Amino acid sequence: MLISILSWLLALLFLLAALGIACLVLATLWIAAKAQRLVPPVGKFIEIDGNRIHYVDVGEGRPIVFLHGLGAQLHHFRHTLFGHFGPGYRLIALDRPGSGYSVRANGATGRLPEQAALVRRFIERLGLETPLVVGHSLGGAVTLTLAVEHPEAISGIALLAPLTHLETRARQRFDLLYIPSRLLRWVMAYTVAIPLSLRYARPTMEFIFGPQAFPEDYMVAGGGWLGLRPGNFQATSADIVAIEQDLGRIEQRYDEIAMPAGILFGTADRVIDIRIHGEPMRGGIEGLDFEPVDGVGHMPQFVEPRRVIGFIERIGARAFPSPQPHDNFNEPSG
């Protein structure tokens, strides 16, 4: 009799667990569908080495390529900066593989050299002649890797609150994202990760944007909803795991960077500490333009867009060749 009761209890618990998991899966799919409805693709797609890259490409002139940070997407630049640039620039922002609407190739790891090589191939495919590259946060680490390993492909780098050094305690801030197992990442992505991320989206964004206010239009206009999809969670987790494999080696080569370079860093950044990732860079790259911004947090492109554009243009003035006198000379007619 007791065995029969225990069997029924176990069956009931199994059924409840299955129903709970089914509810989490359905909630995840509903949230992901809502994200895609609220923030649809806005650009073009290109296939590169098995990766399907989503990007926007506006304007004409000197090319500038923008690389976003961890778990973000191209709206971090398109929404904040593109409308404020003057004429004479071709502005290209892409979703890094796995982020936004870009799809990471099967077997891709997200390691920094892999991402940097992909950006180089992207530059080649679009026919961009040695663009200036702007990298924010983790995108800054990818940009630095590009400058170290593919310097011939670009003319300069402008970094916003960049990740530059491997911290021994950095993983602690991303415990929930540090998942080395691909299988476990997939399971988490389709069960608890997305509903929990939505539940804590506001406090998370308030921390990332702090001490500045979290923009009320960020989730739609800033693309925030796109992070609430299983594929994006898996790519973000993979990026966190991959950082430890290469950043320590890359940072030993910063003194090789000979191109124009600049860093703009908020002194109140809560996500990436200027004392660890900013100040040590002053002596790491010869001729580095270092601009600390008092009281600004991790998202300067949202809170100080014109200052950020001024910084990018200043680095661009050093990176791009000066026009020759005949470039703007028109032969007289008649």
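Author: Helix H3 (residues 112-125) packs against helix H4 (residues 138-149) at an angle of about 75°, and their axes are 8 Å apart. That makes H3 roughly perpendicular to H4 (a term for angles of 65 to 115 degrees). Axes here are lines fitted to C-alpha atoms over the stretch in contact, and angles run from 0 to 180 degrees between N-to-C directions. Helices (H or I, at least four residues) and strands (E, at least two) are DSSP runs, numbered from the N terminus.

This is a predicted model: local features need pLDDT of at least 70, side-chain atom pairs count only at pLDDT 80 or more, and totals for chains, interfaces and linings use all residues. Residues are numbered from 1 along each chain as its sequence is written, and side-chain values use heavy atoms, with hydrogens and water left out.

From H3, the contact (heavy atoms within 4.5 Å) takes in Leu 112, Pro 113, Gln 115, Ala 116, Val 119 and Arg 120. H4 brings Leu 138, Ala 141, Val 142, Thr 145, Leu 146 and Glu 149. By class, the contact of H3 with H4 has eight nonpolar, two polar and two charged residues. Ala, Val, Leu, Ile, Met, Phe, Trp, Tyr, Cys and Pro count as nonpolar, Asp, Glu, Lys and Arg as charged, and the others, Gly among them, as polar.

Now the backbone. Ser 137 sits in the loop between strand S5 (132-136) and H4. Its phi is positive, about 60°, although Ser 137 is not a glycine. Ser 137 counts as buried because its relative accessibility is 8% (buried means under 20% relative accessible area, exposed over 50%, with a 1.4 Å probe and protein chains only). Asp 49 also has a positive phi, near 50°. Asp 49 lies in the loop between strand S1 (44-48) and strand S2 (51-58). At 55% relative accessibility, Asp 49 counts as exposed. Most residues other than glycine have a negative phi, and most peptide bonds are trans. The bond from Gly 210 to Pro 211 is cis, with omega near 5°. Pro 211 is in the loop between helix H7 (201-209) and helix H8 (230-250).

The largest share of the lining of the second largest pocket, eight residues, comes from H8. By class, that lining has nine nonpolar, 11 polar and five charged residues.

Notes:
Parallel < 35°, antiparallel > 145°, perpendicular 65-115°, else oblique.
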